[in-house]
Amino acid sequence: MLAARFFKLGALYGLIGIALGVYMGASHDHSQMPTHAHLNLLGFVSMMLFGAYYRLHPAANHTMLARMHFWLSNIGLWMMIVGLFVMFSGNMEAEPLTAVGSIIVLISMAMFVAVTLRTKTPTAY
């Protein structure tokens, strides 16, 4: 089920984001703060919220748009995170990777909006 995949990856992204935060705190090098923030917000929080939506609306799980949303949100996230990590390590040549990843994340969010608009909501919970 799509919800379970979002939950599992969201938890993994949260673990990686927190580990990066702990590393930054221990090393007193906070140069990766933007990477840490994007990983926690887009990786952990957004994926968990997507999972919650798909769990509450199981009919939405079985659409091609929802499956595309899942793949693009994860591909875009990793492109963005790798690009940010390389950029904030001092190599600005990774900026195009970050930009493409950001655009893919934006497209995946637009897909999620489309999924929510197309999903018929029950009249009562």
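In this predicted model, the buried residues of helix α4 are Thr-98, Gly-101, Ile-104, Val-105, Ser-108, Met-111, Phe-112 and Val-115. The cover over these buried residues includes α2 (33-56) and α3 (64-87). An α-helix has 3.6 residues a turn, so residues three or four places apart point the same way.

**Helix α4 and its contact with α2**

- Helix α4 runs over residues 95-118, a total of 24 residues. Its span from first to last C-alpha is 35 Å, close to the 34 Å expected at 1.5 Å a residue.
- The axes of α2 and α4 come within 12 Å and cross at roughly 20 degrees. Because angles under 35 degrees count as roughly parallel, α2 is classed as roughly parallel to α4.
- The α2–α4 crossing is left-handed.
- On the α2 side, the contact comprises Leu-42, Phe-50, Tyr-53 and Tyr-54; these meet Val-105, Met-109, Phe-112, Val-115 and Thr-116 of α4. By class, eight residues of this contact are nonpolar, one is polar and none is charged.
- Val-105, Phe-112 and Val-115 take part in the contact with α2 and are also among the buried residues of α4.

**Helices α1 and α2**

- Two packed helices are described by the angle between their axes and the distance between the axes.
- For α1 (residues 2-27) and α2, the axes come within 8 Å and cross at roughly 160 degrees. Since an angle over 145 degrees counts as roughly antiparallel, α1 and α2 are roughly antiparallel to each other.
- This crossing of α1 and α2 is also left-handed. The residues of the contact divide into 19 nonpolar, nine polar and one charged.

**His-28 in the α1–α2 loop**

- His-28 lies in the loop between α1 and α2.
- Most residues other than glycine have a negative phi. His-28, although not a glycine, has a positive phi of about 60 degrees.
- With a relative accessible area of 66%, His-28 is exposed.

**Arg-67 in α3**

- Arg-67 is located in helix α3 and counts as partly exposed, at 32% relative accessibility.
- Leaving aside residues up to four places away in sequence, Arg-67 touches Leu-2, Asn-61 and His-62.
- Arg-67 and Asn-40 are separated by 27 residues in sequence and by 22 Å in space, C-alpha to C-alpha.

Key
Residues numbered from 1 in each chain as written. Predicted model: local features only at pLDDT ≥ 70, side-chain atom pairs only at ≥ 80, totals over all residues. Heavy atoms only, no water. Helix = DSSP H or I, 4+ residues; strand = E, 2+ residues; numbered from the N terminus. Expected span 1.5 Å × (residues − 1). Buried < 20%, exposed > 50% of the residue type's maximum accessible area, 1.4 Å probe, protein only. Contact = heavy atoms within 4.5 Å. Axes fitted to C-alpha atoms, helices over the stretch in contact; angles between N-to-C directions. Parallel < 35°, antiparallel > 145°, perpendicular 65-115°, else oblique. Left-handed = near helix turned anticlockwise from the far one by under 90°. Nonpolar A, V, L, I, M, F, W, Y, C, P; charged D, E, K, R; others polar.
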